[in-house]
Amino acid sequence: MDAEPEVVREAGRQLARLVRDGVEAAGAGVGLGGGFTSARLAGAHGDRRDAVLAAVQVLGVEGAHRLGDRSAVLVALFGPAATKRVGAAAHAAVADRRWGALRLASAASDLLGPEQVERVLELRAPDGIDPFPRGAASTLAGHLARVLAVYPRPRRLALVVSLWDHVCELLVERRRVARRAATQTRAERIPKLQARHREHFDEPVVRQMSRAIGENPTPAAAARWRPPVWWSALELTRLLHDAIAATALLRFAKTTSDEGLAVAVEKHRGELVAADACLTEEDRAAAARRREGDYSHPARPGCYVHHLVQALAPDRTITARTEARVKTRLAMARNYGVVVLRAVTDLLADLDGRPLYECWDACQPWRVPELHRWRAAAGFSRSPGGWEQPPLADASADGPTRTLAQRIAAGAADDDPASVEAPHDLLWFADLADALAPFHGNERAEVVHERLMPELRYDTPHDEPGGPRADSVPLAAAGVAQLVMFGATPPPRCGSWAELAARVGADAVVSEASVGAFPIPPELSTVDGQVIAGTRLAVELGRDPRQLAEWSAYMGNCIGESWYADRARKGQCVLMALRDPTDGRIVANLDVRRSTGGWHVHELRARFNDDVTPALEQRIKQWVDRIPPPAPPTPEPLVAVPPVRAGSARRSAAARLPATLTAALAAAVERELASPPVRSARRAYATLARGLGRPGQPADFEPDAAVVALKRIGPGEHVALLRAALDGGLGATALWQATRVRPLAAAVARLDPALRDHGRLGSLTDGSPLPRTLRALVRRPEVAPAHAMDVVARAVRLAMGHLLDDDVLARSVAHHPSTELVCALAIATTCTEKSTKDATVRVVAPRETAVPGFPAGDLSDEHGPWRQALDAAADLGAPVELFPDRVAERGLLVPAALLGSGGWPVLWQRAHR
């Protein structure tokens with residue numbers, strides 16, 4: 001048609017405005033004026049529903065008439081459910097700019113009736129929350145259909161509404177976490193507070209030494225002096241008081257941030273008063289006293305607890321000035337909590353299992369009366385009946401020897417748990433970690449029971465294995481739909497979306513697909529639940545890594561470590577737990593392996609890697625000897641290799657690979673990329689990639705985009721980025737776990753051996769240069785994301801190798817050590833030429849192989865962690881082929897910065913928790 005130039009230009013301006021946020025809206029047929037209408041090119045991809053939704057968001061209520069006939073628009077959005085009432089509800093949603101509800105209603109309309117669609121259109125999100133920020137309604141419709149089609153319509157509506165509420169609750173909680181963190185003093189100032197606390201904590205022992213051996217003792221006299229036997233209990237009492245005060249501050253700070261000061265005062269006044277009673281006026285004065293140049297805040301958190309109790313007394317009015325003063329004190333809650341938690345950890349490590357003395361002759365056990373007063377006011381945040389931490393040793397015969405849970409179970413039903421609890425149980429220690437956890441995005445700390453003290457992890461995300469993330473409505477639905485595609489079955493009855501997602505994630509088929517169930521030989525598959533003759537112990541077979549992790553959390557051993565799962569997954573061993581049916585507790589873990597003519601016990605350990613009694617060991621070995629021998633393997637049939645056919649020289653490089661190979665690899669890659677470990681690794685890389693932004697403006701990548709961004713930077717940039725991230729608080733161990741995830745390598749390992757041996761596929765997994773055919777293969781859209789993750793994993797590990805002599809890496813590893821990473825760093829340090837005596841500590845003498853510490857190890861053990869870590873050390877760039885010669889020449893060396901006050905034994909034991 002002919003049109004005036006100005007009319008054409010105006011239509012162009014209207015089209016540009018329409019597609020400013022994306023070209024999707026152009027496919028809605030929007031009137032642009034002058035007889036012009038937007039349209040999608042013939043053959044272009046797109047969905048009418050998505051186009052209309054995008055256009056409505058640009059046009060609003062005022063411009064909706066430009067979409068044409070109203071009935072046709074409603075049918076495009078809601079299909080057969082497009083009634084007048086639905087249209088009115090949609091008009092209200094558009095007028096209120098509730099785009100998320102409009103998209104969800106459109107996506108769910110295929111599954112719901114008109115009245116149910118109206119209900120979805122009425123949904124509202126909390127202020128500032130957008131549960132549907134991006135994503136196509138047409139894609140969401142497919143995911144919802146896959147998950148909800150098995151349910152009747154009323155149940156579908158309930159689950160759709162629950163999905164919306166579930167995502168909103170998660171986003172609200174994330175906002176709360178961000179607000180809590182924003183109320184706190186920066187974590188960079190923790191070292192200043194830690195130095196202040198440490199100096200004040202050390203003053204009494206220095207005074208005690210001066211009284212005993214004089215004001216200016218010689219270094220030799222100071223080295224020979226030992227504090228009284230009751231000194232450790234005295235110091236631990238002081239730290240228990242600090243832990244109670246820090247816990248009270250943290251709980252009060254959390255409630256103040258979440259619900260306001262008035263609610264916090266009402267909820268926690270009693271706790272503050274009980275915590276305030278832990279320090280005397282003299283104690284507070286000494287902690288507040290500071291010399292010139294000292295950090296301005298008091299050395300102990302109890303000082304600020306006292307300030308709060310005074311400022312918030314019942315007879316005082318809370319003014320704006322009072323609230324500002326209170327929030328200034330509360331801003332230090334997290335930093336006090338971290339400092340006290342570290343101080344308790346260090347003291348317990350130094351104590352190293354030695355018994356506590358309340359007095360010089362151990363006439364009574366260690367007691368802290370303030371703990372009982374605290375329990376009377378605060379109660380228990382964890383169930384004392386489930387607390388299985390071994391108590392600290394006490395020199396008194398009246399000190400506790402059994403766990404708190406065991407003592408409660410053995411007592412009368414109406415016994416007050418607070419009267420049974422002893423400070424030795426360290427439940428107050430876990431309370432402090434639990435109070436810190438909400439400031440790091442966790443509901444509570446993760447606890448791993450160990451003999452000396454529990455391992456408390458409050459600052460690392462606790463992802464549910466196999467559970468889909470719920471960052472938004474489309475992502476939540478996509479995660480569950482993907483698991484259903486893998487074979488999971490939606491439960492016939494469930495009350496909420498969270499329950500549906502959890503039960504789908506726990507489905508046995510999904511567990512096998514996502515984490516790899518262990519193969520159980522036929523002759524051992526029948527022993528599950530058997531009682532071992534001559535004992536009360538029932539056998540429980542280990543079937544997946546999640547089960548091993550649960551065992552390890554109670555047993556305090558290393559059965560949850562990756563190398564056990566790797567061997568079990570390869571069929572090299574069968575792992576078992578032996579439970580006492582009377583209380584359900586695990587008595588021992590058992591590692592059974594094939595031998596000539598039968599099975600043998602490779603390893604048998606009680607809790608904390610203790611030995612079982614000789615009598616029990618004999619019974620178990622007799623039982624294993626009676627297990628039928630493994631059947632000889634059936635030889636696999638030979639696979640015929642098809643002849644090579646000559647092809648056109650013009651075929652692409654990727655096309656020269658067999659179609660069966662590329663199809664099988666693409667399917668395996670898709671399966672790997674959908675697994676929970678990959679999602680977790682991508683989130684870790686997204687955190688690392690934040691450092692790619694400008695100063696003061698961290699980059700904000702989507703997890704998959706972060707991997708691509710990291711793949712594009714060079715080795716030097718990787719080293720600088722990693723160092724800055726570790727210095728900023730990113731955990732080296734968490735990042736190391738992310739680099740273990742190699743989806744392309746895992747996909748190649750899944751292939752049929754006949755396919756895997758074709759075309760030098762090994763080059764895909766070892767980082768060597770790729771031939772032309774494989775270069776084309778890894779550029780394919782279905783393979784490229786997995787290849788990028790493998791490349792980034794190798795690059796990050798190589799960057800860690802460049803930081804081998806940098807204290808920032810050692811400090812991060814020491815904070816949360818893992819066995820493989822500690823071994824890899826030690827091997828790399830030993831192999832490198834630039835290791836110096838000043839920067840390293842020798843833990844194994846030259847030409848020796850026995851590694852000290854608990855559990856004991858040996859460098860020459862083919863199945864031990866040291867041999868298993870050689871490949872990891874090679875990833876760091878270490879010349880591992882020189883390792884035997886370097887050990888013979890200089891012994892085993894570790895970075896000095898990796899060792900705390902407890903030295904190698906404490907680090908090695910912590911690495912096995």
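Predicted model: local features only at pLDDT ≥ 70, side-chain atom pairs only at ≥ 80, totals over all residues.
Helix axes are lines fitted to C-alpha atoms, for helices over the stretch in contact, and the angles between them run from 0 to 180 degrees between N-to-C directions.

**First stop: helices 33 and 37**

Select residues 743–750, which form helix 33, together with residues 784–802, which form helix 37. The two axes cross at roughly 115° and come within 7 Å. To see the contact itself, display Pro 743, Leu 744 and Ala 745 on helix 33, which meet Ala 786, His 787, Met 789 and Asp 790 on helix 37. Sorted by class, this contact comprises five nonpolar residues, one polar and one charged.

**Second stop: helices 3 and 4**

Next, select helix 3 (residues 70–78) and helix 4 (residues 84–95). Their axes lie 11 Å apart, and the helices pack at an angle of about 85°. Helix 3 is therefore roughly perpendicular to helix 4, because angles of 65 to 115 degrees are placed in that class. Helix 3 contributes Arg 70, Leu 74 and Phe 78 to the contact, while helix 4 contributes Val 86, Gly 87, Ala 88 and Ala 90. The residues of this contact divide into five nonpolar, one polar and one charged.

How many aromatic pairs does a search of the whole structure find? The search finds six. One of these is formed by Trp 230 and Trp 231, a tilted pair with 5.7 Å from centre to centre and 45° between the planes. Are these two residues buried or exposed? Trp 230 is partly exposed, at 30% relative accessibility, whereas Trp 231 has a relative accessible area of 7% and so counts as buried.

Trp 904 is buried at 5% relative accessibility, and Trp 908 is buried with a relative accessible area of 1%.

**Last stop: charges over rings**

Finally, select Arg 103 and Phe 132. The charged end of Arg 103 sits over the ring of Phe 132, 5.4 Å from the ring centre. Then select Arg 797 with Trp 736: Arg 797 lies over the face of Trp 736, 3.6 Å from the ring centre.

Methods: Residues numbered from 1 in each chain as written. Heavy atoms only, no water. Phe/Tyr/Trp six-rings, centres within 6.5 Å; stacked < 30°, edge-to-face > 60°. Buried < 20%, exposed > 50% of the residue type's maximum accessible area, 1.4 Å probe, protein only. Lys NZ or Arg CZ within 6 Å of the ring centre and 35° of its normal. Helix = DSSP H or I, 4+ residues; strand = E, 2+ residues; numbered from the N terminus. Parallel < 35°, antiparallel > 145°, perpendicular 65-115°, else oblique. Contact = heavy atoms within 4.5 Å. Nonpolar A, V, L, I, M, F, W, Y, C, P; charged D, E, K, R; others polar.
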